Structure formats: C-alpha cells, structure tokens
Amino acid sequence: MKGYLQILTIAILAFLSSCEKTGDRNENKYPETKIAFESIDLSGDDRLSSSVRLSWFGTDSDGYITGFEISIDDGEWQYTNAQDSTFRFSIPAGSDSADIEFAVRAIDNDDNIDQSPATLSVPIKNSTPIATIDNSTIKGDSTLVVLSFDWEGTDPDGFETLEKAYIKANNGSWSQLDFSQGTNLISIVPSQPDQQGQQSADVYIGQEDSPNVTIDGFINGDSNTFYIKVADIAGKESVPDTSNTVFFRDINSDLLMVTGQPETVTDQYRSILNNVYPNYNIYNISQNTRLPRYFNPTFKLLIKQFDKVFFNTDSQIFTNLNNQQEGLLLNFATPSLLEFTNDGGKLFITTSFTSGQDLSAIAGVLPFEELSTGPGSADLYPDSTVYSNDSNYPNLKSGSVIRSMDPVVPTADAEPIYFANFNNYQSWSDNVIGIKRTGANNNVNQILFTVELYTLSGNQQNLENLFDTILNDEFDW
C-alpha cells in the first residue's frame, strides 16, 4: 500500500509539472460598468430639466476599480474617481429639448478599461427662465425724478443660457435691456423731468453715465409700474415680473434743495428760499432711512437734472442702511457733488463739523484743506462780527451764541469770502468760514460755509440778501 501511494504522488506531481510547462495562465479580466438607470423613458413635458443627477458603479472579478471615464455625446473621455455627479447639460440654441448620450466606463487596478461602456440616453427639456424684481429695494411709493432698484435673471438650466432681458413701463412696448455688465441695478429717469404727462424714460445700468436704453409708455407726474422679463438661448421667455407702483414727482425749477437736517431747520431755509428763489424742489435725506441705497447712481442722477444745488447739513453721523457704512452726509454725497460741478453745476453748501471728525473724504475735494487750529473753543457771540471782504456780500450777525465754530484753511484754488471774529480769532491760524471756488471761464461754481447759516439770523434781511446774491447773481451764468 505504501508503495502504491508513493507512485500516485509522483504521478500527480508529474502531471502538475507538465501542465505548468505546456498550459496558459488565466488572462486578466476587463472590468464591467453599470449606470443606476438602465433607461429614462420620458418625453414631451415630462422630460428632465437640463440639470440631472446620475450615478454609476463598476465591478472587477479579479481586481478592483480605480476610476471611471465619462463621455457626453461621443465627446472626449474625461477621467473621474467619483461614482455620481450632477450634470448641467446644454440644449442647442433654438431647441426646446434634446437627447443627451451619456457613457461611462470603469478602469481597474491593472489599467484595463471596460470594452463595453455603460450608456444612457438622457431626455432633457429647456426650463423656463425667471425674472425677479427686488421690490424691497424700492423705497416708498413716490420719488423725485429718479427710481433705482435691483432685479435678477435666473435659469434652472444655468445663467449662461440666459440671452436677453427686456423692460417696459406701464402699457408701453418692450425694450431690450443689457444685463451683461455684471450688475442688475437699474435707474429710471424721465427724459423730460420738467414736463408732465406721457413721455419716454431713460434706463441706466449700474453706475453708467449714459442710458442703456430709452423706453416709452412712461408718465411723468404720475404713477408708474415697470415690468422685466428674460429670455434664454432657446427663445423661451420668463413670466414678466412687476415692480411696485411708484409716483414720479416732476421738477419745477433749476434749483434743488438737499436737506440733511430736522424740519425745524429745514423750515428756516425754506422761508429764506421762498423769498429769494420761490421755485425749487426739495430732496429730504435728514434720516438714515431716507438715504438713497446708492448715492451713485441715484443721487448723482438726481442732481444731474438741476442747474443749482443748495445743500444744508451738519456734523451728524449717518449710517447707510444698505451697507452699514457710517460718515458725514457730505462723505456720501461729495463724489457726486464734485462730478456735478465738473459738469457745469453750481453748488452752495452750509454745514458744520465736530472736533476730531475724519474729513479726509471731503477736505481738498471741497474748497478747504483742513480745519483751522487755535486755542480753546471758537465761540461767536451775538455782538461779534461775521464780515465779508467782498462788497457784494452783506455782513452777517449771529442770532445767539454759536459754540465751537469751524474756521478752515482754504485750498489754493479757492477764495475766502467770509470771516468770523469769534472770541479768540487772533490766535487761530485762520478765521475763514466762507469760501468760493471758480471753474471754467472764471465762473463761481462752489460756495462753502462751515457754519450753519440759519444760526446767523441776527439780521434776517442780510441773511436773505446773502442767499439772493449767491443764487441769483454768482450763479447767474
């Protein structure tokens, strides 16, 4: 028996040895790929939107999967190690639907690639784009000359599929609106702001100085509603979105009074203007909630409609509720005011400051370099003199004690026109409180008082004469 087992063992070893010498090793097998969906049987309105989530997996009987390659519509294969993804497929321009051919193939640890990729036909349709007006950016139900608001165009198929935007006023016709500038802030200004009735209106994009488009159907001195819609590359249009209805107040003068002070102060300036320049418009920004969301473009476009601006404010710190920036009202307004005078406008400012305030945004831009320096507080008493070195300007008188005046150092291109003999003015570097600056053709285009002029009402008639001289004489060009 023992001899028999030895003979059998030798025979088996010989057989195995023979097989190794003459047979072939097993070849490495290719991986297999599967897509979670075998088919998507949808048509018509039941088709998928162009944003589709797909998943897949691979198997390898003699190894493991290291990655996948994906091809869309027989395009180049792209490598990925993910097993699912959301695809945003493109629909050809002018088409309402498409069948996207999706293919995926697995790769194993020996770099073998599935020779029979998994495929899936994905039926997609063009989604309807959406236009949205942000009515929260429309402040109030009336406006003087300018209305600014935000809007947005979106598309479930991707922003890049949006092609056109349109705007109209009331029952007017649709006009194409450019929204390729990266901003959806628009401002609407009547083409003839001093004329009531139906007319065209100019639409500005962002902070542009020139209108992007002019629309019809607008009614000045009346209520207006605006509509916006968008269209995608397939020509599908959104449902128009509707703005709040806003009453546009027309302008009746070449003078705009911008007030940043309480009604009691504003009324004193109104009383003066009523006597010396009875036709004027008022823009009240005396509270944080009244500030325009954007001084540029809203405030800039507003003052652009006038020839003269009287701007009264004080040392109060304002907060722009749109961006939470803080500063003097002049900090926000000065860039637009400078552009206004550079374009031929005439500017008359009365204000005050507080010691230690940051004036870097306005010093040098307005016609003063810095605050004057001196000992103690610059206090003006009722018997003190506020005088001009120009015979065309009347002397002024305080109506009460004025504490801590703000004398300034004029810029080199400005001319001092008023001086205050406050309590210790001889010890100060300057006692200038009124300055004028000339522009082209030596015309006066900026007059700045660093004292609130209503406080110099000790001689009311002279104060009115000052306003008369500035608005009707100096600015008469």
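Trainee: At roughly what angle do the axes of helix 2 and helix 5 cross, and within what distance do they come?

Mentor: The axes of helix 2 (residues 263-276) and helix 5 (residues 460-474) come within 9 Å and cross at roughly 65°. An axis is a line fitted to C-alpha atoms over the stretch in contact, and the angle runs from 0 to 180 degrees between N-to-C directions. Residues are numbered from 1 along each chain as its sequence is written. This is a predicted model, where local features need pLDDT of at least 70, side-chain atom pairs count only at pLDDT 80 or more, totals for chains, interfaces and linings use all residues, and side-chain values use heavy atoms, without hydrogens and water.

Trainee: Why is the crossing of helix 2 with helix 5 called right-handed?

Mentor: A crossing is right-handed if the near helix is turned clockwise from the far one by less than a right angle, and helix 2 passes helix 5 that way.

Trainee: Which residues of helix 2 and helix 5 meet?

Mentor: Y269, I272, L273, N275 and V276 in helix 2 meet Q460, L463, E464, F467, D468, L471 and N472 in helix 5, contact being heavy atoms within 4.5 Å. They divide into seven nonpolar, three polar and two charged.

Trainee: What makes strand 11 and strand 17 a pair?

Mentor: Two strands pair if DSSP finds at least two bridges between them. Seven bridges join strand 11 (residues 162-169) to strand 17 (residues 226-232), which run antiparallel, so they pair. A165 stands opposite V230 in strand 17.

Trainee: Which strands are the edges of the sheet?

Mentor: The open sheet of four strands has the order 12-11-17-18. Strand 12 (175-177) and strand 18 (241-242) each pair on one side only, and are the edge strands. A strand is a DSSP run of E of at least two residues, a helix one of H or I of at least four.

Trainee: Where does the largest share of the lining of the second largest cavity come from?

Mentor: Helix 4 (residues 329-342) supplies that share, four residues. The lining has five nonpolar, three polar and no charged residues.

Key. Ala, Val, Leu, Ile, Met, Phe, Trp, Tyr, Cys and Pro count as nonpolar, Asp, Glu, Lys and Arg as charged, and the others, Gly among them, as polar.
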